[in-house]
Amino acid sequence: MKPVDPRLLSVARAARNHLVVTVGLGMLTTACILAQAALLARVIGGAVHGEAARTPLLLLLGVVLIRAATTYGGEVAALRAAAKTKSQLRLRLVARAARLGPGRLSGERPGEIATLATRGLDALDDYFARYLPQLCLAVLVPASVLAVLASADWMSALVVALTIPLIPVFMILIGLHTRARTERQWRLLAGLGGHFLDVVEGLPTLAVFRRAKAQAALIRKVCDEHRKATMATLRVAFLSALVLELLATLATALVAVEVGLRLRGGSLSYETALLVLILAPEAYLPLREVGARFHASMEGVAAAGQVFEILETPVPAPAPAMATTVPPSGPRRIVFEDVTLVYPGRDEPALREVSLTLETGRRYALTGPSGAGKSSLLALLLRFAEPTTGRILVDDTDLSVFDPDEWRRLLAWVPQQPYLVAGSITANIRLGAPGASDADVRRAARDAEAHEFIMALPGGYATPIGARGLRLSAGQRQRLALARAFCRNAPIVLLDEPTAHLDPGNAEAVRVATRRLMTGRTVLTAAHGHGWAADADEVVHLDPGRVEVPA
């Protein structure tokens, strides 16, 4: 692990500015340390010889106050820089996750990303507020102390110069041993956060199947593993602190012995001996502290490293010198040319050499058994995945050259299990069209056969529905998703099993609303059976990974 991660310093200008401030404050702190040692030696030496020490005492008090203010100001500036850096990292993480889409983040669980963006990045406070300033002092203070000692007593300076390198050598050896433990501790914490979120969201299902206790036992097991990993990491950190303290103490004692012997022999003045004894511990202190701060900041650095892995995941860029926008009314046709899709980490393709043409204004029923590739085909159109081979043409232009956000403006997607945010009914319908008026929202709800049940709720359209809309039935959630599609008013509609798992009454209401949504739009409906064939102009059957168009 690098002493300073340049990626963290490049995230926010505040962090780079903070490094400059840290160096400046470090130089001022170093000057205060040297002045404090010189004044303290003069005060004690003067007291031994019966000299007045009022002026040096006042100066010493002023230096101590300046050093305290410098330390306080440096930590305040560092915490502000850390807050800005964490904020920018979180914003970039959310933006990149949205840009990558679920297809490229299939290996990351939502709970792990949530833990990463919250608890993980919060640990960067120690990195910016304590480790970086101490790292600066670890460079400036020993060099300055050695320079002063060399001018006062070259023999003591030589002893300090020969013993100081032992501390960073042991720090490197201990850091190499600790890194793997800290990374394992962080992975266990992220896994625990992801698993806990999954369990909380799935509590109704777990309760029905009487598996809540088993999951609680599993969480207990993961917690125990995280506890053991944390204690192992802390054990190494405490032992490393003991080793560094022991080295520094022995080195300081060595300086004290040789200074005492020469002082007794009369070859060294009392004031010089005091200066050496006061400055020698200061030469080792920053190095000991930087080791302790390094261990405290490793969790945040490990979390930031995982964030950078996501941020550095490549996103296919539009081809240069080509169109990046599509007509607002949508394309005339979408053509799949020998498209094959293989997901990362899998050997078998989800789609094999698919060739298909979708004409504007026509309705297509996409049928086939589970695992045939229906959702994968929709994922390609949604730009959640990119073809492994082959290409998708939009009016003779490769789909990959269009900006994903601009392309998705033309799409309305109604998944099998629509995601509803913790907010009001209006906020959820307006999710796909933030600029929609209240009248537009109500019109969309009526078209989706949702207005009546919404008005029956305690707060009507202002009723909060909770995370994932768990306060609503499956049919109500599906009709809200349809209302969202109506409100978006996109020319291309993608439907994924819109009536799956619904009772007959809700299924019929969804069918009525869906037929209304299909009018005048290009529609692709994925379904297991042929129940939607009657509402389609053409049926496209997928026979695991391959397309068959019935005559």
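**View 1. Ser376 sits in helix α11, which covers residues 374-381.** Helices here are DSSP runs (H or I, at least four residues), numbered from the N terminus. This is a predicted model, where local features need pLDDT of at least 70 and side-chain atom pairs count only at pLDDT 80 or more, while totals for chains, interfaces and linings use all residues. Residues are numbered from 1 along each chain as its sequence is written, and side-chain values use heavy atoms, with hydrogens and water left out. Is Ser376 buried or exposed? With a relative accessible area of 9%, Ser376 is buried (buried means under 20% relative accessible area, exposed over 50%, partly exposed in between, using a 1.4 Å probe and protein chains only). Setting aside neighbours within four places in sequence, Ser376 is in contact with Leu341, Tyr343, Ala350 and Leu351 (contact means heavy atoms within 4.5 Å).

**View 2. Pro165 is in the loop between α6 (154-163) and α7 (166-201).** Pro165 has a relative accessible area of 40%, so it counts as partly exposed. From C-alpha to C-alpha, Pro165 and Tyr284 are 9.9 Å apart in space, though 119 residues apart in sequence.

**View 3. The largest nonpolar core has 56 residues.** A nonpolar core is a set of buried Ala, Val, Leu, Ile, Met, Phe, Trp, Tyr and Cys residues joined through side-chain atoms within 4.5 Å. Among the residues with the most contacts inside this core are Leu8, Phe128, Val255 and Tyr284. Elements giving two or more residues to the core include α1 (6-11), α3 (54-104) and α9 (212-265). Its largest share, 19 residues, comes from α10. Zoom in on Val255, and you'll find that it touches Ser156, Val159, Val160, Val276, Ala280 and Tyr284, not counting residues up to four places away in sequence. Apart from this core lies another, of 37 residues, with Ala483, Val510, Leu517 and Ala527 among them.

**View 4. Helix α14 (residues 438-447) packs with helix α16 (residues 474-488) at an angle of about 125 degrees, their axes 8 Å apart.** The axes are lines fitted to C-alpha atoms over the stretch in contact, and angles run from 0 to 180 degrees between N-to-C directions. That angle makes α14 oblique to α16 (under 35 degrees counts as roughly parallel, over 145 as roughly antiparallel, 65 to 115 as roughly perpendicular and the rest as oblique). Which residues make the contact? On the α14 side they are Val441, Ala444, Ala445 and Asp447, and on the α16 side Ala483, Phe486 and Cys487.
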